[in-house]
Amino acid sequence: MNYTQAVGEKSTVKLTISFTEEEWQEANSKAYLKTRGKYTVPGFRKGKAPRPVLENYYGKGVFFEEAFNILYSEHYFKILENEKDNFTAVGEPSLSVEDMTEGKGVTLGAVVPVKPEVTIEAYKGLKIKKYEYNVTDADVDKEVKKLLERGAKDIDVTDRACADGDTVNIDFSGSVDGEKFAGGTAEGYDLVLGSGSFIPGFEAQVEGMKIGEDREITVKFPEDYQADELRGKDAKFAIKLNKITGKELPELTDEYVKTHAGVETVEEYKKNTRERLIKNAENRSRDETENSIIEAIRKNAKAEIPDAMVESEIDRMVQEFSYRLMYQGVKLEDYVKYMGQTMEQFRLQFTEQAKTRVMSQLVIDKIVKTENFTADEKELDAKIEEQAKSVGKTLEEYKKNIDPRQVEYINNDIIITKMFDFLKANNELYVEGAKPAAAKKSTKTTKK
């Protein structure tokens with residue numbers, strides 16, 4: 001066997017793989033042994049007819065397809081391993097028979113989608129938006145309210161209008177251009193105001209209604225609404241409010257937080273809550289800033305992304321969506337059917353986001369490779385030791401049974417952290433709306 005390679009269109013490599021007549025016949029013999037049990041010939045027990053008899057009875061090419069599969073499986077992946085420094089396959093190849101002259105062997109073609117080369121205009125010296133989130137007393141108070149709501153009692157409200165947080169029982173009938181639409185009418189529907197369960201603007205316009213009151217409101221369906229025929233349309237809803245249910249919150253005491261939060265005092269609960277919120281805010285600030293950095297770099301990057309990479313990313317996104325549905329007790333197939341879509345239509349809506357995610361990863365890979373970020377053994381051990389200590393083990397004990405995939409994950413995490421530290425240090429990050437600090441005179445020279 002020998003092969004040649006050539007660069008193809010849209011991030012593909014064309015492999016031309018030639019096999020001698022001896023290799024081709026050997027593949028046919030293997031195909032015969034593997035598949036002969038499927039064929040029946042008069043005068044022979046099933047699977048016992050000799051190869052020449054089967055070829056004469058079913059045609060000379062009876063084993064060709066299986067022989068092609070054997071040659072592919074035995075040699076294709078070895079070729080990929082040999083060429084790993086030259087290209088990386090990112091999907092299944094498109095196979096073809098280039099030549100099959102009797103007595104001269106066979107030549108196969110494989111068009112392989114490969115990881116594309118990325119051109120980045122710049123990833124240093126950019127001005128990039130930074131995100132910062134701070135924790136206020138009001139944020140802590142919201143968490144306190146959530147805790148109190150665990151022990152809240154439902155009470156009928158008759159002496160005031162409904163407000164945010166109340167559960168209202170309503171009848172509603174919606175129409176677009178004077179015509180009622182599917183799912184737009186209900187009676188005795190319980191709606192928690194402020195929950196965001198309905199389209200934007202609906203719940204806010206219900207607030208302030210009193211029991212027995214009728215009201216007509218107008219809302220606009222979002223441009224990305226699941227029902228195509230309603231996207232961006234104005235809708236009118238006739239609403240009648242039947243009942244208001246409020247919540248009576250218990251008193252915040254040491255005894256209450258001990259029972260519902262597992263801490264001894266209100267002061268301790270508020271302290272722990274603030275620390276948790278600060279940690280969450282720091283993580284959110286970091287994640288959104290890093291996303292902002294990659295987005296800014298991605299905008300001036302170019303690559304011919306093969307369809308196979310996009311389809312693989314869509315597969316992952318659909319799987320992630322399916323897992324989220326499973327936690328809610330819903331099957332993906334049922335959800336797609338409920339939305340009135342085919343699976344193909346459902347997958348199609350992920351296309352642009354998938355392209356963005358693929359391009360972002362290509363940009364990250366390019367920067368990591370260009371700057372040669374790596375994780376050495378000392379850094380790996382330090383991270384692994386943190387995990388070992390969390391389960392009461394020494395580094396040596398923990399490493400004995402550690403999953404290699406976990407080590408790879410830790411290795412990648414170290415590298416990505418280094419990359420973002422580098423990008424933060426080599427770009428100008430600004431907080432939108434923040435006032436610049438007063439300039440100070442300096443005699444130092446700054447490297448650029």
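1. Asn28 is found in helix H1; helices (H or I, at least four residues) and strands (E, at least two) are DSSP runs, numbered from the N terminus. With a relative accessibility of 1%, Asn28 counts as buried, where buried means under 20% relative accessible area, exposed over 50%, and partly exposed in between (1.4 Å probe, protein chains only). Leaving aside neighbours within four places in sequence, Asn28 is in contact with Arg51, Phe63, Phe64 and Ala67, contact being heavy atoms within 4.5 Å.

2. On the basis of the model: this is a predicted model, in which local features need pLDDT of at least 70 and side-chain atom pairs count only at pLDDT 80 or more, while totals for chains, interfaces and linings use all residues. Residues are numbered from 1 along each chain as its sequence is written, and side-chain values use heavy atoms, with hydrogens and water left out.

3. On aromatic pairs: rings of Phe, Tyr and Trp (its six-membered ring) pair if their centres lie within 6.5 Å; planes under 30 degrees apart count as stacked, over 60 as edge-to-face and the rest as tilted. By this rule the count is 27 aromatic pairs. In one of them, the ring centres of Trp24 and Phe64 are 5.2 Å apart and the planes stand at 55°, so the pair is tilted. This pair links distant parts of the chain, as Trp24 belongs to helix H1 (residues 21-35) and Phe64 to helix H3 (residues 64-82), 40 residues apart. Trp24 is buried, at a relative accessible area of 4%.

4. A further aromatic pair, Phe373 and Phe422, is edge-to-face, with 5.5 Å from centre to centre and 65° between the planes. Phe373 is in the loop between helix H11 (351-371) and helix H12 (377-390), whereas Phe422 is in helix H14 (residues 404-425); the pair, 49 residues apart, links distant parts of the chain. Phe373 counts as buried at 14% relative accessibility, and Phe422 also counts as buried, at 18%.

5. Aromatic residues also occur as a group. One aromatic cluster is formed by Phe172, Phe181, Tyr189, Phe198, Phe202, Phe221, Tyr225 and Phe237.

6. On charges over rings: a charge sits over a ring if NZ of Lys or CZ of Arg is within 6 Å of the ring centre and within 35 degrees of the ring normal. Arg284 lies over the face of Tyr133, 3.8 Å from the ring centre. Lys127 is placed over the face of Tyr430, at 5.5 Å from the ring centre.

7. On salt bridges: the term denotes a side-chain nitrogen of Lys or Arg within 4 Å of a carboxyl oxygen of Asp or Glu. A search of the whole structure finds 34 salt bridges. Among them, Lys243 is joined to Asp156, with the closest N and O atoms 3.7 Å apart. The two residues connect distant parts of the chain: Lys243 lies in strand E11 (residues 234-248) and Asp156 in strand E7 (residues 153-157), 87 residues apart. Lys243 is partly exposed, with a relative accessible area of 39%, while Asp156 counts as exposed at 57% relative accessibility.

8. Asp166 and Arg160 form a salt bridge through their side chains (2.8 Å, N to O). Here Asp166 counts as buried, at 5% relative accessibility, and Arg160 as partly exposed, at 35%.

9. A salt bridge also joins the side chains of Arg286 and Asp287 (3.0 Å, N to O). Arg286 counts as partly exposed at 37% relative accessibility, and Asp287 counts as partly exposed at 35%.

10. Tyr327 lies in helix H8 (residues 307-327) and counts as exposed, at 77% relative accessibility.

11. Pro306 is found in the loop between strand E12 (301-302) and H8. Pro306 counts as buried at 3% relative accessibility. Apart from neighbours within four places in sequence, Pro306 is in contact with Lys10, Ser11, Val90, Pro113, Val114 and Pro116. Pro306 and Ala382 are 76 residues apart in sequence and 38 Å apart in space, C-alpha to C-alpha.
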